[in-house]
Amino acid sequence: MDPNAARDFDRRNLDWYIDKLVQILVFLGGISAIIFIIGIFVFITKEGIGFILHTMDVKEFFLSPYWEPSDEDAPEYGILALVAGTASVTGLALVVAIPFSLGAAIFVGEFATGKTREFLKVLVELLAAIPSVVWGFIGLTIMNPLIIEIFNVPVGLTVLNAGIILGLMTAPIMTSIAEDALKAVPDRYREAAEAMGATRWQVIFKVVLPAAKNGLLGAVLLGVGRGFGETMAVLMATGHAVNIPTSVFDSVRALTATIAAELGETAVGSDHYQALFTIGIFLFIITFIINLTADLVVRGVRKG
Amino acid sequence: MFAETSLNARNKKVQGLFRMLFMLMTAMLILPVLIILVTLLVKGGSVLSIDFLFTAPTNGMTAGGIFPALLGTVWLVAVALLISVPIGIAAAIYLNEYAGENWFTRVINLAIINLAGVPSIVHALFGVGAFVIFFGFGTSILAASLTLAIMTLPVVIVATRESLRAVPMAFREACWNMGATRWQTIRRVVLPNAVSGILTGVILEVSRTTGETAPIMFTGAVFFTPFLPQGIFDQTMALSLHLFVVSTQVPGVPEDLPYGVALVLIAMVLIMNSISIAFRMYLRGKKKW
């Protein structure tokens, strides 16, 4: 073979180099998400590590219900009450959101057709877009007096208020993920069932729901993650009192809200400041686990 | 034909019942929110005026308008977009055009999911630790916008990847067969066919960024400043934070004023979102392949 022929196929001209350069640039873009996630963990750990190594008493941190970081003589850093606050609000929100968003997803995905369906989907998407600070404001100004009046209680900024607000907030998101999960069930499953004489609701309950089980679980998990990490709405609607709730009419304080309310008042590098970052690390790890689990659960169904 | 048996009739009835039940549940989900929106519209509408939009707050934020907050939000969103859109598009190009189906791609996807799932207040902590302190930007528009950009990056990535995926493989193959390099193909064939879909994602990101509060609280947005921002190293007011401030932090605010702020904020977010959705539907309608 003529050796010059091989050289003709050597395409290393300017375009070739540009191509390689772009490939490197988009690769950097591709790994940016990984870099940022690691960066988040590194930087919040850097700010909080001093507290974890020197001041933190692990037992006190997780088991003490007293969060009194500004006490000059004996500051106490116990997040139990804050965890209880977050858990109670998120729990109530799920009780509100799960049945309704599953019901709505089934209606939108399996019953509604054509224009109605499109309209409902757009509406759900718009509801999901309402900013959390607006939800907090609604809790503060609309729900608060409403709860005081209806239940005849002295305070309306309670687990009940924040739970309902958070429920309304997460429901649209859970609805759209759940609807996606229903959509992922192949039509031939439905057709096969209908060919056997099953009615619509039999198809839904005996075929579609079991087949979409993992996707629906993923939707719920993402809802949990969202509720857990929500900040502004729970800051404004919970009443912000460090307290382990005994009823839905108690005021509580959430982990996220504590950071939002106190970070501005602390001196950089102080114990209190580092303790707030430690709560941040805790939140990061919990939501990481929730998201990872949700991803594995959803992916499990795709493989099967 | 077939006579309806009692079983058929019963099944039909049950089905009707379930349909009703699910419809009711959907309504229960949507109605309260609509009622709330109407309340906002009625109460906030009374304060809304051109003056309200274009004057500064006065009397310790108990009167006047929202102009500095509005302008601050525009600054924050614009700078955040400048940062996140190029990175997001690059990431989406990598994922859709270069990456194979392997563990590495899966790690990237997982990182994107987590970036979207990390609580906004943790993003704020990151912003403080990284941009305000470590990189020394101080509390500034730059630090706040960087925080916002990283937080909303998944929105751009996901939307762009979807629109790249919608470009048929045959388009690329035809181009490659003409001897074009990968980048030439992306630049001349893939991107032009995906640009409107990308735009949809960008508008969606504007909407998301506008409403965020927690990530900017400690990184660049302040409760009140008498100065309008002049550059990216200035602090600024922001609409979302302003709503928080006037409804919780300032005593003696007239009852209607926060409703006005909330109405402007929600209107901006929902209008942006609607434009994005309408655009997406229009594109789907006119798709040629």
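The model is predicted: local features need pLDDT of at least 70, side-chain atom pairs count only at pLDDT 80 or more, and totals for chains, interfaces and linings use all residues. Residues are numbered from 1 along each chain as its sequence is written, and chains are lettered from A, with ligands numbered from 1, in the order in which they are written.

## The two chains

Let us begin with the overall build. Chain A holds 13 helices and 2 strands, where helices (H or I, at least four residues) and strands (E, at least two) are DSSP runs numbered from the N terminus. Chain A is more spread out than a compact globule, because its radius of gyration of 25 Å is well over the 19 Å that the globule rule gives for 304 residues. That radius is taken over C-alpha atoms, and the rule is 2.2 Å times the number of residues to the power 0.38.

Chain B has 11 helices and 2 strands. Read from the N terminus, its elements run α-α-β-β-α-α-α-α-α-α-α-α-α. Chain B is also more spread out than a compact globule, since its radius of gyration is 24 Å, well over the 19 Å that the globule rule gives for 289 residues.

The table sets out spans and burial; a residue is buried if 20 or more other C-beta atoms lie within 10 Å of its own, exposed if 12 or fewer, and partly exposed in between, with C-beta atoms placed from the backbone.

| Chain | C-alpha span along principal axes | Buried residues |
|---|---|---|
| Chain A | about 90 × 60 × 35 Å | 48% of 304 residues |
| Chain B | about 75 × 65 × 35 Å | 49% of 289 residues |

## Where the chains meet

How many residues of chain B are in contact with chain A? There are 70, and they meet 73 residues of chain A; a contact means C-beta atoms, placed from the backbone, within 7 Å. Helix H1 (residues 6-45) of chain B gives the most to this side of chain B, with 16 residues. The residues on this side divide into 50 nonpolar, 18 polar and 2 charged. Here Ala, Val, Leu, Ile, Met, Phe, Trp, Tyr, Cys and Pro count as nonpolar, Asp, Glu, Lys and Arg as charged, and the others, Gly among them, as polar.

## The nonpolar core

A nonpolar core is a set of buried Ala, Val, Leu, Ile, Met, Phe, Trp, Tyr and Cys residues joined through C-beta atoms within 7 Å. The largest one has 185 residues, and those with the most contacts inside it include Ile165(A), Leu76(B) and Ala262(B). Helix H4 (residues 80-111) of chain A supplies the largest share of this core, 17 residues. Leaving aside residues up to four places away in sequence, Ala262(B) touches Val134(A) and Phe137(A), as well as Leu40(B), Gly44(B) and Leu243(B).

Helix H10 (residues 213-229) of chain A is mostly covered, with 15 of its 17 residues buried.

Two residues in loops are also worth a look. Asn152(A), a residue other than glycine, has a positive phi near 55°. Asn152(A) sits in the loop between helix H6 (132-151) and helix H7 (159-183) of chain A, and counts as exposed because it has 7 C-beta neighbours inside 10 Å.

Met61(B), not a glycine either, has a positive phi of about 65°. Its place is the loop between strand S1 (57-58) and strand S2 (63-64) of chain B. Is Met61(B) buried or exposed? Met61(B) counts as buried, because it has 21 C-beta neighbours inside 10 Å.

How values were computed:
Contact = placed C-beta atoms within 7 Å.
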